[in-house]
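Here is a short report for a reader new to this structure. Keep the sequence and the 3D view open while reading.

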Amino acid sequence: MDHLLSVAAAVAAVLQALLYAAAAPLLVGWIRKVKARLQNRRGPSVLQPYRDLRKLLGKEVRVAHTASPLFRAAPYVVFAATWLAAATVPLFAVDLPTTAVADLIVLVGLLALARFFLALAGMDVGTAFGGMGASREMLVSALAEPAMLMAVFTLAMTAHSTNLAGVIDFQLTSDFALRPSFLFALAGLVLVALAETGRIPVDNPATHLELTMIHEAMLLEYSGRHLALMEWAAQIKLVLYGALIANIFFPWGIAQSLAPSALGIAIAVIVAKLMLLGAALAVGETLLAKMRLFRAPAFLNLALLLALLGLLSHVILEVGA
Amino acid sequence: MNMSAALSLVALSVVLALASSAASLAAVRMPMVVRLLAMPLFALAGLSALAGGLIALLLGDVVTATLPLGLPWLPWRVRLDALSGFFLALIGVVSFAVGVYGPAYVRGLEKGRDSLVALGGFSGLFLTGMLAVVLANDAFLFMVAWELMSLASYFLVAFQHDNAANRRAAFLYLLMAHVGGLAILLGYGVLASFGDGFAFDAMRAASLPPAWGSVAFVLAFVGFGMKAGLVPLHAWLPEAHPVAPSHISALMSGVMLKVAVYGFVRFVFDLVGEVQWQWGVAVLAVGSLSALFGVLAAMMQRDLKRLLAYSSVENLGIIFIGLGLALLFLGTGYPLPGVLALIAALYHALNHALFKGLLFLGAGAILHSSHEHDLEHMGGLLRRMPWTGFLFLVGCLSISSLPPFNGFVSEWLTFQAALQTWQLDSGVLRSLIPIVAAVLALTGALVAATFVKVYGVAFLGQARSRHVRRARPVPHGMRAGQGILAALCLALGIMPVWVIGAINAIPEQLLGAGLPHSAAEGWLSLNLVAANGASYNAPLMAVLLGLFVALAFWALRRGAVRRVRRCDAWDCGFAPPNTRMQYTATAFAQPIRRVFGHLFLVEETLVPRDDGSHRHQLTIGDRSWGLLYVPVTRWVESASRRVIRLQSGNVRVYLGWTLATLLVLLWIIS
């Protein structure tokens, strides 16, 4: 029985990983659709990102003369690291074996690995734009990563576990209480998510050929399947952050067993949550304008401060009480 | 295998190191002796120390011996336990890689004017000194070995003494090493006066009043901290480490700084006795400051070896954050998190030895084949030196603490130790540690940025100078030396459970408490402190990562269009990029300089040139000079000016002083 359960859990884990990869373009399509509607446009179909990926995968790859082997290896590493990071975040079920492989700190580490290769790839061809994008990306991440870690540490310290399943279990089993630390951590994590996934107000995902671009500047020299992998990885990262926020702070509805009915409900719930978050992001991006690059440190310091406040309010107010 | 065999192996290693030193004397006539005899002996000494140290660590036992050397009433005592075994293994492994790497590197120096006798001879003595420090079981031998290590490394720093800057760096190093040595000596003096004797056993048995314990701690922290390059006593480190030959830089940054960590751990965790939590706060504060300052300073550098030296300041900061957490937890009566933090610190010490050794050897390889140490002149080296480029990438990934490499494991452990804060009773301490954790997280992210800069500017893009364009791959020996360290970086990242199991012998021996054996649960998965608390299954994660890469690669290779066509870079369709249009190291650091620049003395000036154009000049100064060193120098100078009045040149006045001193002394002792 135990054996059967673990097989079922492993199958669920693989399914979850596949679902992340499969659903990622859909979320991006949904956000674009909502955004277009808010701007009184009809917008492309929600399936457009899939068509873009298919188109890119079928195209010839062009690589600059000056590119090194790292340029061609980087898309695979970026994609694999991001996808693996996503696979460790519970999407529709807790207690899957993948959460035991990697905890929250490993999750941050895997995203850092992907970013490291992305930035290196940006610098590889030796163009000015690539170096500029890499430099800015590392500035943003240098400020965002500590904020992210502080936010997840707030949760980890509350649950006495850096394991994501542990944190979610703690949320589900403990009595509902409005913890100030969680509110701070949530606010911090939302700001970090905006910065890390390259959304407005830190970066604009809808632009090429703009001197302020960050993420796109690093991808300028990519084409064909390499570009497809990079884009896909960025889409998976967006779902990852969505699932992280949705499932850590509002875990209700996630399947705690592997019964088909529970799984079905869980998938419906997470789809609803992600749609809601995506719509909120679209509204935010419509209302806000992109910041100047040197305003971004203030934005990210706010995120760090909020996350640190969350941690401090936890250790001061909640531990002793 | 037993402990006496381990001790014999270590003794053999000391003998081999001395033999390597002696063999170099023949280099007066035949420079090739260093490459053909001294460096292989050096490698063997390293291997032997590694073997002896590993056996001692794995057996987890203690063996002591008394040497027929020293003073008649004060023989030299040696002791091999788990802690010294660990550090012997650390010294041994890097020395072995350096010994493998060295011959080819030294060959490049044979044509130069600098004396290879000094290089080979002092390298052997340097290794001897480090081995003896770790083995010493009394303060006398410890200090003799410590001075041997400092002096030998002074001569190695001064190796290329034609350059005035090198002489200045070496003198600064000598001065600071002796101020530090003095503090350590006084620290041992405090322990010896309560412990009745210079033997460590006597010091261990003695019980100090808390006030004197704190005095001894402060002296040891200053002394060992100076050697470890902690802020604000770090100023010598970025001057001295880069100017030594690269394989010696690897030893100095990778290993000698760890000997200072050894000294600190031995002194504070073993000899002083009862630890106090206030010490932990001091160590945490200094460690955090060093970590953050070190990485920011590294980010600003454009000289590769200097950058690596600043990054050593940062890594030693992280090690001391771990040690500070350990002291804090142990001092407040929580042995388990304390042990965890100590293991994290020791693990990071080992990791830093490996990847910093690797990176310095890589910098040496670049220097060897292109004679370039300025990042702004490098570029495109990955295609010219593929092996060095690949191995250097492993070093960059490890130092940036990215999974699945070793740096990540020690960072993970340090964070896990910091997350045990909730156990503490005091609210002030509970809120202190999260701030330290934030500093650590910020440091980690900035390290990644720094090494993206290093790798991107040096190895990617296009060559920025003629020397670099003509760089050739380095000889096999040099690649092998880097390869050993790179392989270990990966192995220690994938097999953390075994390493932690081995290191666990140290706290068990020193503190009488170790991690529970359930820490390594199931299939090589780390599971610390509590069930379901935190888990990291490094081997499985590495396999999954490889599998995902392979899967993506395989799936896409099967597509209809497989061709890859080479073309010019697009760069948004502007003019075709040339090498001068690439982002430079200084440009890369500009945003971070703008955000954190006020911590440094940044001076940007425009220097007019003859043809009417301007040259942009950027200097970045270290504020610690103005804040600490210049005032101290001024004070010493004014004090000397006052003392100089005694020196009238008149014999009668001198005799008067002597008489007065005698009278005062007689009055004191009567």
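The report takes each chain in turn, then the contact between them.

## Chain A

This is a predicted model. Chain A holds 12 helices and one strand.

The C-alpha trace of chain A spans about 60 × 45 × 45 Å along its principal axes. Of its 321 residues, 61% count as buried. Among contacts in chain A between residues at least 6 apart, 81% join residues at least 24 apart.

## Chain B

Chain B has 25 helices and eight strands. Its C-alpha trace spans about 95 × 70 × 55 Å along the principal axes. How does its radius of gyration fit a compact globule of 670 residues? Such a globule would have a value near 26 Å, and chain B has 26 Å, which agrees. Buried residues make up 57% of the 670 residues. Among contacts in chain B between residues at least 6 apart in sequence, 79% join residues at least 24 apart.

The chain is divided into domain 1 (1-196), domain 2 (275-513) and domain 3 (600-670). The centres of domain 2 and domain 3 of chain B, taken over C-alpha atoms, are separated by 35 Å.

## Two hairpins in chain B

Start with strand β1 (residues 63-71) and strand β2 (residues 74-80) of chain B. They run antiparallel and are joined by six bridges. Two residues lie between β1(B) and β2(B), and the pair forms a hairpin. L71(B) stands opposite L74(B) of β2(B).

Now go to strand β7 (residues 601-608) and strand β8 (residues 614-621) of chain B. Eight bridges join these antiparallel strands. One bridge partner pair is L606(B) with H616(B), the latter in β8(B). β7(B) and β8(B) form a hairpin with five residues between them. In that turn, G612(B) has a positive phi of about 90°. Is β7(B) covered or hardly covered? β7(B) is hardly covered: among its eight residues, the count of buried residues is zero.

## A helix at the end of chain B

Helix α25 of chain B takes in residues 651-669, 19 residues in total. From its first C-alpha to its last, α25(B) reaches 27 Å, close to the 27 Å expected at 1.5 Å a residue.

## Where the chains meet

In chain A, 75 residues are in contact with 71 residues of chain B. Several elements of chain A each supply at least two residues to this side: β1 (61-64), α3 (69-87), α4 (97-101), α5 (104-124), α6 (128-159), α10 (224-249) and α12 (296-318). Which of them gives the largest share? α6(A) does, with 18 residues. By class, the side of chain A that touches chain B has 50 nonpolar, 16 polar and nine charged residues.

The chains also share strand pairing. β1(A) pairs with strand β6 (residues 564-567) of chain B in the parallel sense, over four bridges. V63(A) stands opposite R566(B) in β6(B).

A102(A) sits in the loop between α4 and α5 of chain A. Is A102(A) buried or exposed? A102(A) is buried, because 27 other C-beta atoms lie within 10 Å, and 20 or more are enough for that class.

Not counting residues up to four places away in sequence, A102(A) touches T88(A), L107(A), L110(A), Y536(B) and M541(B). This list includes residues of chain B, among them Y536(B). A102(A) and A119(A) are 17 residues apart in sequence. In space they are 24 Å apart, C-alpha to C-alpha.

Technical notes:
Residues numbered from 1 in each chain as written. Chains lettered and ligands numbered in written order. Predicted model: local features only at pLDDT ≥ 70, side-chain atom pairs only at ≥ 80, totals over all residues. Buried ≥ 20, exposed ≤ 12 C-beta atoms within 10 Å, placed from the backbone. Contact = placed C-beta atoms within 7 Å. Expected span 1.5 Å × (residues − 1). Nonpolar A, V, L, I, M, F, W, Y, C, P; charged D, E, K, R; others polar. Pairing = 2+ DSSP bridges. Domains from an automatic or database assignment. Rg over C-alpha atoms; globule rule 2.2 N^0.38 Å.
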